[in-house]
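Visitor: Please give me a close look at a single part: the interface. Take it step by step, with the cut-offs.

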Protein chains: 2
Amino acid sequence: MEKLSSRAKLADVARLAGVSSSTVSRVLSHPEVVAEATRQAVMDAVAATGYRMNHAARNLRKGRTGSVVALVPNLGNPFFAKILDGMGRELAAAGYGLLVADTLDGQGRDTALVRFLDPSRADGIILMDGLVSSGHLDAPDQPPVITACEWIEGAALPRVMLDNREGGRMAVQHLLGLGHRHIGLIGGPAQNVLHRSRLQGATEAAQHVRLTVMTGDFTLQAGHAAAQAWIAMPQADRPTGIFAFSDEMACAFVATLVRAGFSVPRDVSVIGFDDIELVSHIAPALTTIRQPKRELGRLAARVILDRIEGREVQPLTLLEPLLMLRETTAPPSPRP
Amino acid sequence: MEKLSSRAKLADVARLAGVSSSTVSRVLSHPEVVAEATRQAVMDAVAATGYRMNHAARNLRKGRTGSVVALVPNLGNPFFAKILDGMGRELAAAGYGLLVADTLDGQGRDTALVRFLDPSRADGIILMDGLVSSGHLDAPDQPPVITACEWIEGAALPRVMLDNREGGRMAVQHLLGLGHRHIGLIGGPAQNVLHRSRLQGATEAAQHVRLTVMTGDFTLQAGHAAAQAWIAMPQADRPTGIFAFSDEMACAFVATLVRAGFSVPRDVSVIGFDDIELVSHIAPALTTIRQPKRELGRLAARVILDRIEGREVQPLTLLEPLLMLRETTAPPSPRP
DNA sequence: GAACTGGTTGCAATCGATTTCAAAGCAGTG
DNA sequence: CACTGCTTTGAAATCGATTGCAACCAGTTC
């Protein structure tokens, strides 16, 4: 019954069903065009042989690969994991595989992109690193590329992202609403697009109060360093409300302060960005701006699928940030 | 100079170089067998046409796919992200792509496996979910499968994993060494292999002291629940040292206790498992058993590559756990 | 009965790279 | 000069599924 040795191919099924391989192929991909009786016979033969299609052959013939590649700056970051999760599911549902690659955050940044910018490697590319140079994106027959989370200034690539400016504004407005009049920012690298938008939103909201900007890079280490800088300031110059551009920085900032004997939110309020799952389960729970990560992945997947299948796509898909009010923000304590 | 319209193929390069396509193919894959002069001419033609190989065609001919699939139980978990990172790099270096898929933690668990258990989809599979049923693994012409992190009891699949039993032992021994005589365990699901090995190690080490086991599932919520259970115990019955089988549970446990007015490690010592990066940057910093995650990914990649390329592999690759001594463990306070 | 219709099916070409086999070229040797 | 041995190259088959085109059949219809 089962033909166990050396994998059945289309022709084998055809022989068993007494039809040509064209017909078998048709039953499998356009069942509606073949007569009921034949279809049944073929299906039986398929079952009997345990036939499974050879993807390489189909891909060669159809000129596609069946997979989409996600290029992330740093796979180790838990933030991306959740996004990939959403992406993976959406793509799987549409019959595509998700190939992940790391741009290795700096060094071979463009190599990774170039490697996949090839219609025989991927049907589409979801770029999540805003720092690759857009110079490679103009050759012909390239698979479609979109950006998610981050984006590339000046490139005409569809974007799927959070309204970062609004997020920045919300964070600062929250601190202002609590009564803070000196806001500290722990930002990202100056050239980073997320940094720039969040900074813009924050600045707009903080127009009439004092603003101190510290440079970071979204990592735990940067949060730690910012805390030490804060501690080193004369007390009168310390911002009473801190807005960190990532939860990791916010977390490390709080921890370093607590370890140095300060208390959050009594001595300083802190608000983060992203809403990584873990930060709501530590003490004190971090107040933060939430990015709908899984949703973002899902939407990015949908957009790349639209592009792959030739449908028109909006140049910009914007997600709304959400303020997660928790325990690290409070009105400033009155100065003695 | 550049032939920009419709992608050059082998035959185009051949025509330009004045040789046959066989020769071009040879220059590209076995350069040593072709004469220096010809090779040079071909290389020039390749450069001039901007030729890039068509992977589908090569894969069809060579009967391989060029990618390896990692099946993870839950892509959203930051723990896996780091492992995938290590895997991705190692595989990329060997010319393979990393395809990730989620087993969706329960529901369609086996579907994902079966979908990829197909030599035309993947050259190899790295299985990181110990709960798929091994029943599918015996058909012929299947790509090689190995397990990483978790494994399947009774299946003869190569394993790459931490010495979980030793990790469990180390954790408990650490608590014992501090003077704790009543140890609490926050475990995983009873059927989970990680749970079983860690439990075994822990039990061995705790032979002569009191041991209280709470069931969890590695998530933050489980840690939270365990904390509430601890709080609800009569004071004399509360374990003074807690060993949680994941950092997330440990974290949530600590946070819930702190929020309820307890202090860690004064009222209870807590040690976690995994050493997720974030837990060393919160206050109090979590004492934990470290798994070398990136290394584990890298090794798993190497093992699957060995299997793919037909080399012999060890049935078991065991990594050593490491005690990360931080701030959540201390000698028990004397009972009043 | 011829012509025409619409629904099914098969033939054969095709996708692009790899590889087997044999031929061609060339040098050295008896 | 014929022959052997070696390197280098090309022609053609191959991997397995898809699809344009043509053939075919059974009904209509005139």
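**The interface of chain B and chain A**

Guide: In this predicted model, 51 residues of chain B are in contact with 51 residues of chain A; contact means heavy atoms within 4.5 Å. Residues are numbered from 1 along each chain as its sequence is written, while chains are lettered from A and ligands numbered from 1 in the order in which they are written. Local features need pLDDT of at least 70, side-chain atom pairs count only at pLDDT 80 or more, and totals for chains, interfaces and linings use all residues; side-chain values use heavy atoms, with hydrogens and water left out.

Start with area. The size of an interface is often given as the accessible area lost when the parts come together. Here the two chains bury about 4600 Å² between them, and 57% of that lies on carbon and sulfur atoms. (Buried area is the accessible area, 1.4 Å probe, lost on putting two parts together, summed over both.) On the chain B side, B:R52, B:L278 and B:H281 supply 13% of the area buried against chain A, more than any other three residues.

The rule finds eight salt bridges across the interface, each a side-chain nitrogen of Lys or Arg within 4 Å of a carboxyl oxygen of Asp or Glu. One of them pairs A:R89 with B:D102, with the closest N and O atoms 3.8 Å apart.

Which elements of chain B touch chain A? Those giving two or more residues are α4 (55-62), α5 (78-93), β2 (97-102), α6 (109-116), α9 (220-232) and α10 (247-259) of chain B. Helices (H or I, at least four residues) and strands (E, at least two) are DSSP runs, numbered from the N terminus. The largest share, seven residues, comes from α5(B).

An open sheet of 12 strands, with mixed pairing, has the order β11(A)-β5(A)-β4(A)-β3(A)-β1(A)-β2(A)-β2(B)-β1(B)-β3(B)-β4(B)-β5(B)-β11(B). Two strands pair if DSSP finds at least two bridges between them. The edge strands are β11 (316-319) of chain A and β11 (316-319) of chain B, each pairing on one side only.
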